[in-house]
Amino acid sequence: MTAPAPVPVTSDFLRILQERGYVHQCSDWEGLDAKARAGEVIAYIGYDCTAPSLHVGHLVNIMMLHWLQKTGGRPIVLMGGGTTRVGDPSGRDEGRKLLSLEDIEANKERIKDTFSRFLTFGDRPGDATMVDNAEWLAPLNYIEFLRDVGRHFSVNRMLTFDSVRLRLEREHELSFLEFNYMLLQAYDYTELARRYGCNLQMGGSDQWGNIVNGIDLGRRMGTHQLYALTCPLLTTASGAKMGKTAAGAVWLDAQMLSPYDYWQFWRNTEDGDVVRFLKLFTTLPLDEIARLGALAGAEINEAKKVLATEATALMHGREAAEAAEATARTTFEQGALAQSLPSVEIPASRLAEGLGVLAAFGPDYAALVPSMSEARRQVKGGGLRVNDAPVTDERATLGEGDVVDGVIKLSFGKKRHVLLRLV
């Protein structure tokens, strides 16, 4: 739920964020509003490199950076080449898997491209900047860090932060490594303030304590005034975590989730979320969103298609979005087999040997389900289909008789499809 400002905001930046539902908490509305009116906001959000792609759950704060730049502010994208080596404990009951330096670097390079879809990078005033906190965290001397930074932190206060308190209340282990994460995040804010004039950190509401910690550290270490702004952690109208499906995370990287499947994710939005998601995940004007939100009954599906196309266009480009929409129309409205559906190539020899139907749906082939056990569960519920025919025998195999026009169409539910294409 969006928290209203205690006084009317007058800057375009905060007004747009308020109107579109991005704001959960702010450390100083009047002070930040004045900075935004003067075009003096330099804001950062940090992204750890824990996977080769970000997912839909990151989109709200990426859009906050987008609107900041559109309204005259300067965004900083902070890549967590250093903090990923430790792991953020926020919102977790167990420690993150520690990655090798090579994996972290590879993930970082893959993730970078995502931001170019939403931000303009360069050397001009207002252009976005991308930096890596390994630049200042990796060379740190531990004794000096404890003396110069650690002395400003109260363990008593750190134990009250949600990322720590909730883990301890559930009697789940919190390593000393993870306990140090909030020190590093606070230090990031101070370094960005010193090096780039950064004065605002944004993030999800679960980061509020960590961000405020950074403001306090900056004050103690003599930086200019710093601010905090958080967005709500989103769930769907039915209470599900945003960006999770039965097949796993909704990735932003087209190599990990096709533009068609990305389009379908948005097309499957629950009725109660359509207007909210149009505000958050598209740049459509609010009056157009209000018009779409007024559609009732079956017409709400037209609003969902607009959401899907506009959200996909932002992430993958207009051409890919319109191609996904056309594929969906061909597949569902005209009942044809669209050759532009997501496809996976398999050797004809593999099919000649007999490919188990459960394996075909699993992560090694179509990746429509995350595991064999999930595939079995879906068979029992009638959720899997081959060439539009329900799978009823989990021991069945796919053969040459299932090939139509060089492909086998696998479907999970009504709207997720993959073609097995013989090579």
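**Exercise 1.** How many of the seven residues of strand E15 (residues 416-422) are buried?

*Solution.* The model is predicted: local features need pLDDT of at least 70, side-chain atom pairs count only at pLDDT 80 or more, and totals for chains, interfaces and linings use all residues. Residues are numbered from 1 along each chain as its sequence is written, and side-chain values use heavy atoms, with hydrogens and water left out.

Step 1. Strands (E, at least two residues) and helices (H or I, at least four) are DSSP runs, numbered from the N terminus. Buried means under 20% relative accessible area, exposed over 50%, and partly exposed in between (1.4 Å probe, protein chains only).

Step 2. Five of the seven residues of E15 are buried, and the strand is mostly covered.

**Exercise 2.** Which strands pair with E15, and in which sense?

*Solution.* Step 1. Two strands pair if DSSP finds at least two bridges between them.

Step 2. Strand E9 (residues 343-346) runs parallel to E15, joined by four bridges; Ile346 has Leu422 as its bridge partner.

Step 3. Strand E14 (residues 407-412) is antiparallel to E15, with six bridges, and Ser411 is partnered by His417.

Step 4. E14 and E15 make a hairpin with three residues between them, where Gly413 in the turn has a positive phi of about 70°.

**Exercise 3.** What is the strand order of the open sheet of six strands, and which strands stand at its edges?

*Solution.* Step 1. The order is E1-E6-E5-E2-E3-E4, and the pairing is mixed.

Step 2. E1 (25-26) and E4 (129-132) are the edge strands; each has a single partner strand, so one side of each lacks a neighbour in the sheet.

Step 3. Inside this order, E2 (residues 42-48) and E5 (residues 200-204) pair in the parallel sense over two bridges, with Ala43 opposite Leu200.

**Exercise 4.** How are the axes of helices H12 and H15 oriented to each other?

*Solution.* Step 1. Axes are lines fitted to C-alpha atoms, for helices over the stretch in contact (heavy atoms within 4.5 Å). Angles run from 0 to 180 degrees between N-to-C directions.

Step 2. The axes of H12 and H15 (residues 300-316) come within 8 Å and cross at roughly 140°.

Step 3. Angles under 35 degrees count as roughly parallel, over 145 as roughly antiparallel, 65 to 115 as roughly perpendicular and the rest as oblique; H12 and H15 are therefore oblique.

Step 4. In H12 (residues 259-267), eight of the nine residues are buried, including Trp263 and Trp266. Trp263 and Trp266 are among the H12 residues that meet H15, whose contacting residues include Leu307 and Met315.
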